[in-house]
Amino acid sequence: MSVTDAICAGISQATQQEFVLERQAPVGGGSINTAMVVTGTCGRQFFVKRNASDKLEMFSAEAEGLADLAEARAIRIPEAVCVGEAAGESFIVMEYIPFAPGNAGSASDFGRQLAQLHRYSADKFGWHRDNTIGTTPQPNAQSRDWVAFLREQRLGFQLELAHGKGVGAGLLKKGRHLLAGLDFYFETYTPAVSILHGDLWSGNYAFDSDSAPIIFDPAVYFGDRESDLAMTELFGGFQPAFYAAYERAWPLDPGYARRKKLYQLYHILNHFNLFGGGYAGQAESMLDELLACLP
Ligand code: ADP
C-alpha cells in the first residue's frame, strides 16, 4: 500500500467517513518533517506530516501529547486524527487549521491561556512515556523530585549526548559542575507540576481565523512552567502583551530571572546535538554565566 493510500485509509477509519483524496499541497515552515494539506471530497481537509518509518514512535508520542494538552481545555490544540506507516514512511494526520494574523487581543489571550494550560497538573514530573524534542530523544521517567529530573533527564541527558557528539572537554566539565550545584537554583522555590508544551518557540504557535491562539508541534511533559516561558524568550521573545497577560493570570517567582538561563541551556544543548556548530560556544558561555551565580 502506498503511504498516500494508508493516510486516506487512516482518516477514513478514524473519522468513520470515507476519505477520497482530491489533492494535496505542501506546507512550509517545519524543521523536521514533510508537511502537507490533503483535501478530499466535500472539501474535507487534514494536515499531514511524513517522515521515515522509524519516526512512527515520534508521531505517536506527538499525537498523545496533543491529546493531553487538549485535556487542559485552556488553549486551542489541533486534534490528532491518526498515525500510521506504509511503504517505508510514517505519518501523523491532524485537524487542519488555517492560520490568520490574530488581532489586538490575541497576544494577551495567548499569555492568559498559557497560564491556564500550566494550571493543568499531575502527581509527578515527567510523562507516561518518552518522546522527542526535535528528533532528539526526551526521557520522561516520572519523579516527584524536580531537581533530580532536571539534572538527570534534561540537562544531564543532553550533556551526555553532546559528549557522544564530541563536544569539548571544557564544556563537559562546566556542565557537570553545574549539575552538581543545581540545588542552589531551587533553594527558595518549589515548582508546581504543570503540563508543558515543551518546545514553545515562535514557530510552534499561531492564531486561527477567530484570532484565537493555537499551539502545536509539542514535546509534552509535566515540569516547571518557567521552562516553557524560558523557551519563548530564547529566540527573540514573544510580544510584551503575552508576558503581561501571563503575569496577570499567574505571576512568576522572582527567581525566574536566574533560572531562565538554566532552562534555555537545555534547548541550546539540544540545538548542538541536532545541528552542531556554534551552539557549543553558546552553551559554554551560558554555562559560564550560570556557574558564576553559584556560591
Ligand atoms: P515539524 O514537526 O517539521 O517542525 P510543524 O509541526 O512545525 O512541523 O509543522 C510545520 C508547519 O505546518 C508549521 O510551521 C505550521 O505553519 C504548519 N502547521 C502545523 N500544524 C498545522 C495544522 N494543524 N494546521 C495547519 N497548519 C499547520
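Tutor: Start with Ser-31. One of its polar backbone atoms is 3.1 Å from an oxygen atom of the ligand. That is a polar contact, meaning a pair of N or O atoms within 3.5 Å; within protein, one must be able to donate a hydrogen and the other to accept it, and residues adjacent in sequence count only if both atoms are side-chain atoms. Lys-49 uses its side chain: a polar atom there lies 2.7 Å from a ligand oxygen. Glu-95 uses its backbone, with an N or O atom 2.9 Å from a nitrogen atom of the ligand. Taken alone, the ligand exposes 550 Å², and the protein buries 92% of that. Those areas come from the Shrake-Rupley method with a 1.4 Å probe; for residues, only the protein chains shown count as cover.

A word on the source. This is a predicted model, where local features need pLDDT of at least 70 and side-chain atom pairs count only at pLDDT 80 or more, while totals for chains, interfaces and linings use all residues. Residues are numbered from 1 along each chain as its sequence is written, and side-chain values use heavy atoms, with hydrogens and water left out.

Now the shell. There are 19 residues around the ligand, each with a heavy atom within 4 Å of it. Asn-33, Lys-49, Glu-95, Ile-97 and Asp-217 come nearest.

Strands here are DSSP runs of E, at least two residues long; helices are runs of H or I, at least four; both are numbered from the N terminus. Asp-217 has a positive phi of about 55 degrees, although it is not a glycine. Most residues other than glycine have a negative phi. Asp-217 is partly exposed, because its relative accessible area is 25%; buried means under 20%, exposed over 50%, and partly exposed in between (1.4 Å probe, protein chains only).

Arg-73 also has a positive phi, about 50 degrees, and is not a glycine either. Its place is the loop between H2 and strand E4 (80-86). Arg-73 is exposed, with a relative accessible area of 70%. H2 itself covers residues 56-71 and holds Glu-64. Glu-64 is partly exposed, at 30% relative accessible area.
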